[in-house]
Amino acid sequence: MRDADMQRRHLSVDGIEINIHTMSEAVSSIVSAAQAGESFSVCTINLDHVEKLAREPDFRAAYRRARFVTADGFPIVALGRLAGVRLKRTTGADLVHPLCEEAGREDIPIFLLGSSRLTLHRTARRMAARYPGLRVVGTYSPGPRFDPYSAEADAAIELIRASGARLCFVALGAPRQEIFAARCLDELDGTGFLCIGAALDFIAGTQYRAPSLTQKTGLEWAWRVLSDPRRLGPRYVKCMATIPRLVIRSLPQIVNARTRKAA
């Protein structure tokens, strides 16, 4: 199978199409959309999201409205390989730095939403110092029980609107960040929303990401479980349980890929 053919095809994961294959493609697509003044959202699908998509209609609806979807997680990348689609793992945390670099270069103002005031303050300061020209035009840390359809969400939307941001990094955790981003598509014009999980905490140093070796070898999940087994252990048990169902639902794509390769 030719590499070009693998690159052109998209992977459907439980009804959600991954249409961004690499980090460089993600950065160029997001920056181009922001420069054009378009409204869009970006989601990064992983096994935890797949598990939630099966039981949370609002989350699935939010995913279906996303302009760009990347593969976050080695099981998703491996599934793509089986289905004849070459994907590179592209997480929300990995996207922040290259996007901020381009935002500084292209004068695209950004907004930081989520986590804590301390995290947002540290992140804004560190990113502005690291990337010349980067303009962080606003930050907002909602309460721990933030509801994407609440009055607090209304206030957040007004802050983003008043700031003039063209890109908003949303660090609320799934599914709230994706649902809030989808709602903003109806409320705001000319702003892109990137759902990035704990990325801002990693930058601020208020949380620590798994060592790079575990990321490269696909064992980041194991490091995270060992660091917080009570909270994350049950989550990853659910994630692992989704794999057989996911493979079964992907069999038509896998069979088609193998048939094309044999031909």
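Modeller: Happy to! Let us begin with Phe59 and Tyr63, both of which are buried. Please keep in mind from here on that this is a predicted model. The two residues belong to helix α4, which covers residues 57–64. Because they are four residues apart in that helix, about one helical turn separates Phe59 from Tyr63. How are their rings placed? The ring centres of Phe59 and Tyr63 are 5.3 Å apart and the planes stand at 85°, so this pair is edge-to-face. The cut-off behind that word is an angle of over 60 degrees between the planes. In general, two things describe a pair of aromatic rings, namely the distance of the centres and the angle of the planes.

A second pair is formed by Phe146 and Phe180. Here the centres of the rings are 5.5 Å apart and the planes make an angle of 70°, so Phe146 and Phe180 are edge-to-face too. Where do these two residues lie? Phe146 is in the loop between β6 (136–140) and α8 (151–163), whereas Phe180 is in helix α9 (residues 176–187), so the pair ties together parts that are 34 residues apart in sequence. Are the two partners buried or exposed? Phe146 has a relative accessibility of 3% and therefore counts as buried. Phe180 comes to 0%, so this residue is buried as well. The cut-off that matters for both is a relative accessible area under 20%. In total, the count of aromatic pairs is three.

Now let us step back to the whole chain. How many helices and strands does the protein chain have? Its secondary structure comes to 14 helices and eight strands. The C-alpha trace spans about 55 × 45 × 35 Å along its principal axes. For 263 residues, a compact globule would have a radius of gyration near 18 Å, and the chain agrees with this because its own value is 18 Å. Of those 263 residues, 49% count as buried. If you take the contacts between residues at least 6 apart in sequence, 76% of them join residues at least 24 apart. The chain exposes about 12,400 Å², and carbon and sulfur atoms supply 54% of that area. As for charge, there are 37 positive and 27 negative charges, and their mean positions are 6 Å apart.

The peptide bond leading from Ala174 to Pro175 is cis, with omega near 5°.

Helix α8 can be visited through Ala162, which has its place there. Ala162 is exposed, because its relative accessibility is 69%. Its C-alpha atom is separated by 9.4 Å from that of Val137, a residue 25 places away along the chain.

Next comes helix α6, residues 92–106, where you will find Gly92. Gly92 counts as buried because its relative accessibility is 4%. Which residues does Gly92 touch, leaving aside neighbours within four places in sequence? They are Thr44, Cys195, Ile196 and Ala199. Asp72 is 20 residues from Gly92 along the chain, and the C-alpha atoms of the two are 7.8 Å apart.

If you follow the chain onward, Asp107 lies in the loop between α6 and β5 (110–114). Asp107 has a positive phi of about 55°, although it is not a glycine. With a relative accessible area of 44%, Asp107 is partly exposed. Ser115, in the loop between β5 and α7 (117–130), also has a positive phi of about 55° without being a glycine. Its relative accessibility is 25%, so Ser115 counts as partly exposed.

Trp223 is partly exposed, with a relative accessible area of 29%. Not counting residues up to four places away in sequence, Trp223 touches Tyr208, Arg209, Ala210, Pro211 and Thr214. One of these, Arg209, is 14 residues from Trp223 in sequence and 9.2 Å away in space, C-alpha to C-alpha.

Methods:
Residues are numbered from 1 along each chain as its sequence is written. This is a predicted model: local features need pLDDT of at least 70, side-chain atom pairs count only at pLDDT 80 or more; totals for chains, interfaces and linings use all residues. Side-chain values use heavy atoms; hydrogens and water are left out. Rings of Phe, Tyr and Trp (its six-membered ring) pair if their centres lie within 6.5 Å; planes under 30 degrees apart count as stacked, over 60 as edge-to-face and the rest as tilted. Buried means under 20% relative accessible area, exposed over 50%, partly exposed in between (1.4 Å probe, protein chains only). The radius of gyration is taken over C-alpha atoms; the globule rule is 2.2 Å times the number of residues to the power 0.38. Contact means heavy atoms within 4.5 Å. Accessible areas come from the Shrake-Rupley method with a 1.4 Å probe; for residues, only the protein chains shown count as cover. Lys and Arg count as positive and Asp and Glu as negative; His and the chain ends are not counted. The place of a charge is taken as NZ of Lys, CZ of Arg, CG of Asp or CD of Glu.
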